[in-house]
Amino acid sequence: MAQGHAGAPVRLQSGDEWVYAFRSQEDAATPPDEAVCAAAPFTPTVKLGAGLYVPAGDGGYERVGSATACFRLTDRAFTPGTQVPFYARFLLPVGAFTAQGECVLVSNDQPQAGVVLAGGALKLVEVPPGFVGGVMTNLSAFNPLKLPGFATGSYYTLYTFRKEGTGTSAP
């Protein structure tokens, strides 16, 4: 099993299976790409732009890409159990991955009222050349009230496959 190098999303590779892990954080300097949200199979009510980060050797994080997330949120009480349609594009050093699926709201009061925790499973619907499909999961915190001390962001695991015959070197 090979592991990724500095400056790239954490990558584990075994045969044709490739796994990337990274963090997203909403970033005002990275506005959402309106074209991404226009391509969503639903009308988004929330559009977020984010930076993508991986752990750095100094204990901090290093930016490795950007993302646009679009979702349709109609329950402003953020009721746990609510399923939210989700569509996003992730621009990583290996290319652009687009995913769609649903996230489920898990909590609207931990670690304090107004912070929304969610998790989702997404199907990869577009992948860069050399890849073939896959899935993505996320654990997310959403801070719609902009409460101090809490960021809007997620931890993602992207599980994808390289096309047979493309080799196992880093794409």
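Predicted model: local features only at pLDDT ≥ 70, side-chain atom pairs only at ≥ 80, totals over all residues.
Me: Before reading any detail, what is the mean pLDDT of the chain, and how many of its residues reach 70 or more?

Reply: The mean pLDDT of the chain is 90, and 90% of its residues reach 70 or more. Residues 1-7 should be read with this in view, for over that stretch the pLDDT is below 50, although the stretch has twelve contacts in the model beyond near neighbours in sequence.

Me: How many residues does the largest nonpolar core have, and which of them have the most contacts inside it?

Reply: The general idea is that in soluble globular proteins nonpolar side chains tend to be buried together. In this structure the largest nonpolar core has 32 residues, and those with the most contacts inside it are Phe22, Phe90 and Met136. At least two residues of this core come from each of strand 3 (17-26), strand 4 (46-55), strand 5 (61-71), strand 6 (83-92), strand 7 (95-107), strand 8 (116-126), strand 9 (131-142) and strand 10 (153-162). Strand 6 gives the most to this core, namely five residues.

Me: Which residues does Met136 touch, not counting those up to four places away in sequence?

Reply: With those places left out, Met136 touches Phe22, Phe90, Ala99, Gly120, Ala121, Leu122, Leu124, Tyr156, Thr157 and Leu158.

Me: Which cysteines does a disulfide join here, and where in the chain do they lie?

Reply: In general, a disulfide is a covalent bond between the sulfur atoms of two cysteines. A search of the whole structure finds one disulfide, and a disulfide joins Cys37 to Cys70 with an S to S distance of 2.1 Å. The link of Cys37 and Cys70 is left-handed, with -85° about the S-S bond. Cys37 belongs to helix 1 (residues 34-38) and Cys70 to strand 5, so that the pair, 33 residues apart, links distant parts of the chain.

Me: Are Cys37 and Cys70 buried or exposed, and what is the nearest cysteine sulfur to Cys103?

Reply: Cys37 counts as buried because its relative accessible area is 3%, and Cys70 counts as buried because its relative accessible area is 0%. Cys103 is in no disulfide, and the nearest cysteine sulfur, that of Cys70, is 12 Å away. Cys103 is itself buried, with a relative accessible area of 6%.

Me: How many salt bridges does the count come to, and which parts of the chain does the pair of Lys146 and Glu26 link?

Reply: The general idea is that side chains of opposite charge can pair when their charged atoms come close. Here the count comes to four salt bridges. In one of them, the side chains of Lys146 and Glu26 meet at 3.6 Å, N to O. This pair links distant parts of the chain, with Lys146 in the loop between strand 9 and strand 10 and Glu26 in strand 3, 120 residues apart. Lys146 is exposed, with a relative accessible area of 58%, whereas Glu26, at 30% relative accessibility, counts as partly exposed.

Me: Where do Arg63 and Asp27 lie, and where do Glu126 and Arg89 lie?

Reply: Arg63 forms a salt bridge with Asp27, and their closest N and O atoms are 3.1 Å apart. Arg63 lies in strand 5 and Asp27 in the loop between strand 3 and helix 1, so the pair ties together parts that are 36 residues apart in sequence. Arg63 counts as partly exposed, at 38% relative accessibility. The side chains of Glu126 and Arg89 also meet in a salt bridge, at 3.5 Å, N to O. Glu126 lies in strand 8 and Arg89 in strand 6, so this pair ties together parts that are 37 residues apart in sequence. Glu126, at 39% relative accessibility, counts as partly exposed.

Me: Why does Thr152 count as buried, and which residues is it in contact with, leaving aside its neighbours within four places in sequence?

Reply: Thr152 counts as buried because its relative accessible area is 10%, and its place is in the loop between strand 9 and strand 10. Leaving aside its neighbours within four places in sequence, Thr152 is in contact with Gln25, Glu26, Leu48, Ala141, Phe142 and Asn143. A polar atom of the side chain of Thr152 lies 2.9 Å from the backbone nitrogen of Asn143.

Me: Is Thr43 buried or exposed?

Reply: Thr43, found in the loop between helix 1 and strand 4, is exposed, with a relative accessible area of 57%. The C-alpha atoms of Thr43 and Pro144 are separated by 19 Å, and these residues are 101 residues apart along the chain.

Definitions and conventions:
Residues numbered from 1 in each chain as written. Heavy atoms only, no water. Core = buried A, V, L, I, M, F, W, Y, C linked by side-chain atoms within 4.5 Å. Buried < 20%, exposed > 50% of the residue type's maximum accessible area, 1.4 Å probe, protein only. Helix = DSSP H or I, 4+ residues; strand = E, 2+ residues; numbered from the N terminus. Contact = heavy atoms within 4.5 Å. Polar contact = N/O pair within 3.5 Å; in protein donor to acceptor, adjacent residues only side chain to side chain. Disulfide = S-S within 2.5 Å. pLDDT = per-residue confidence, 0-100.
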